[in-house]
Amino acid sequence: MIASVLIQYSVKSLNKVFDYLIPDNLKDSIKVGNKVIVPFGSSKVEGFVLNIHNNLDESLDYREVIEIQESDFYLNDELLKLGKYMSNSLLCNLISCYQVMLPKALKASLKTNINRKYETKVYLNKEIDIDKYIEEHKRNKKEIEILNILKEKECLKKEFGSSINRLIEKNIVLSETYEINREVQSDEDTRNIRLTSMQESAIKEILNSKDSKYLLYGVTGSGKTEVYIELLKNVLKENKTGIVLVPEISLTPQIVARFKGVFGDKIAVFHSSLSEGEKYDEYRRIMNNEVSFVVGARSAIFAPLKNIGLIIIDECQSSTYKQESTPKYNSIDIAFKRGEYHNSKVVLGSATPLLEQYARAKKGVFHLIKLGNRISGRFPSFEIVDMNKESKKHNYIISEKLDLEISGSLSRKEQVILLLNRRGYSTFLSCSNCGYVYKCPNCDISLIYHKSSNSYSCHYCGYRVTSSSICPKCHENAIKDLGLGTEKLESILEKKYNTKVLRMDADTTSTKNAHRKLINEFSSGKYSILVGTQMISKGLNFENVSLVGIINPDASLSIPDFRSSERTYELLSQTAGRVGRFDLPGKVIIQTYNPNNYVYQNVIKNDFDSFFNYEMNIRHKLMYPPYFYICSILISSSSFEQASKESIKIKDYLDKKLDSSYIVLGPSVSSIVKLNNKYRFNIMIKYKDDTKLLCVLKELNDMNVKDVNIDINMNI
């Protein structure tokens, strides 16, 4: 028997299958879709079996498959087809598409074995007279203690340490080792929630419609999660399965708790804070058909469920659904493709959908369903504070109004959430004597000061250096930290209000189960103020929060990106949605130097439609999505001159190959010109039809230019 294996190889354009003999010891276990280890040249490489056949060519000297990595795990027919679709549409190697479908514990690493977890239970040998043994050996107190415990129940061997080994050797105690699943820790929310008439109407509309794609546009606090649960209950009745995607790990604790409270062990969980062993065990539960639903972040869309009846993408506007590394897939596109394969429904849910999503819903491409009212029946009140006036009073961080509202909430024993979308202590380090600025040597951007680690660090490449007040250029004691990050804000608030402040950002949530722990601590009332980055803006429900403050939203608005207004509207609207969800009235304070900006004005009116119409007019004039698609080509090299030269060549190549229906812009230096010691240039292509473009880009992608990397990102 011959296995045709797609191998991993360093050459970008190599997408080739090689034939290997299947040794006798693997013939009964190997199957199409298995991940295997095979010899290639003088090394061992990983690959996927794409075909098994008997077309043996006697003239060839075949090498043998070395081993199967987890014979019980394999890519099924659907996922194999999906990988080919991804490879063609994303212009990437097929094997990279297959690799992203498996948890890291299963990704072929020749140096790492998959960590299975075992436990050993111990119990008394019933053929032995235990009481007689105890009487004869009563001097050995440790043995007697163990035997008396085992007379009551079986125990795990580890509970007794090494003391149990002598009894096992004597055959007085028997042992049995078995493999166990690592249980993913989560809370359970078992509330019995009564649906509103609007929720019931939305559920009936989705269940009764024959459409396949839906946009559930529901304001924050309108109860979208309960709609999801009722839809999943129906899926369960039909003996089908479902996938629920959430954009960020910070959303999983509360939403998983709700799903666990309803569906129990029928839920498997996938997100990046799980250990590789936990991911492995959750994946095995799915492969063994032990679960009905998978809840997780982006990569959970590849869960090998059978007979999928429903796919839900919560907070569908989130940019985290698009993977930035190869393969640059968008989970929503994959969801639609899997929906087609299973003839299932795909529901996108959001209070602030992407303009493209909302436009398609209004045109009927998606079935639009609206939840326009909150469960609580009330929306928070808004107030914009003009920081131009506050700065004249030297109130650069906390305005008089926000100070007054924070003090009022604290005096009433209520809680406060403050959003500052910048982590670290300070965002800028400069010498007040000579003007020297601390920059990352790898990325040529300013370093961020982190007080907790007493270091300056780069948030892009991870470069870190111990902090010092001595300027490396003029050697004066004159380094000053400027700007504001969540760490500094936390310190300021603790001193100003003499209260406990909880910080939630990438620095405080890097450890296992950190999100869950922080959320539970704030829910319990242990902390009065929660400070955080955008991870606190979505999916969190706290009954005692009465005030939200937005610090420096102008930073988000000024990012040089055509989506900056849209993302700022989303960030503010979603964060504002954390208050007024329960019995307490809610208030939102937005501090800005641009109080009349249309984004802020539409946020305080909760008027998404007006924002949509205004922004769509701009998009139409500038030929941005949804009127055009956009492809980005990133050219990078360790040499600035080489990157620049090659980007000009690519621009000329595209101009010759593409007609006037395609708009090719650039090349221009990237917004971060140097990243990880690579100089970067961008070319942007605006297009409406990708048929010809994909052919041209494939030719471009297959070109191997020495010391230059060409990275293509479709439909950004």
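Student: Which residues does Asp 707 touch, not counting residues up to four places away in sequence?
Tutor: Ser 636, Ser 637 and Gln 642. They're called contacts because heavy atoms lie within 4.5 Å, which is the cut-off. Gln 642 sits 65 residues from Asp 707 in sequence, but the C-alpha atoms are 8.3 Å apart. Asp 707 itself is in the loop between α21 (691-702) and β30 (709-713). Helices here are DSSP runs of H or I with at least four residues, strands are runs of E with at least two, and both are numbered from the N terminus.

Student: What kind of model is this, and how are residues numbered?
Tutor: It's a predicted model, where local features need pLDDT of at least 70, side-chain atom pairs count only at pLDDT 80 or more, and totals for chains, interfaces and linings use all residues. Numbering runs from 1 along each chain as its sequence is written, and side-chain values use heavy atoms, with hydrogens and water left out.

Student: What is the angle between helix α6 and helix α7, and why does it get the name it gets?
Tutor: The axes of α6 (residues 197-208) and α7 (residues 224-237) come within 10 Å and cross at roughly 40°. Axes are lines fitted to C-alpha atoms over the stretch in contact, with angles from 0 to 180 degrees between N-to-C directions. Under 35 degrees would be roughly parallel, over 145 roughly antiparallel, 65 to 115 roughly perpendicular, and the rest oblique. So α6 and α7 are oblique to each other.

Student: How many residues are in the largest nonpolar core?
Tutor: It has 83, and Met 86, Ile 313 and Leu 348 are among those with the most contacts inside it. A core is a set of buried Ala, Val, Leu, Ile, Met, Phe, Trp, Tyr and Cys residues joined through side-chain atoms within 4.5 Å. Buried means under 20% relative accessible area, exposed over 50%, partly exposed in between (1.4 Å probe, protein chains only).

Student: Why are His 394 and Met 623 put in their accessibility classes?
Tutor: His 394 has 61% relative accessible area, so it is exposed. Met 623, at 33%, counts as partly exposed.

Student: What is phi of His 394?
Tutor: Near 65°, a positive value in a residue other than glycine. Met 623 has a positive phi too, about 60°. Most residues other than glycine have a negative phi, and most peptide bonds are trans.

Student: How do you know what kind of peptide bond joins Thr 326 and Pro 327?
Tutor: Omega is about 0°, and the bond is cis. The bond from Gly 666 to Pro 667 is also cis, with omega near 0°.
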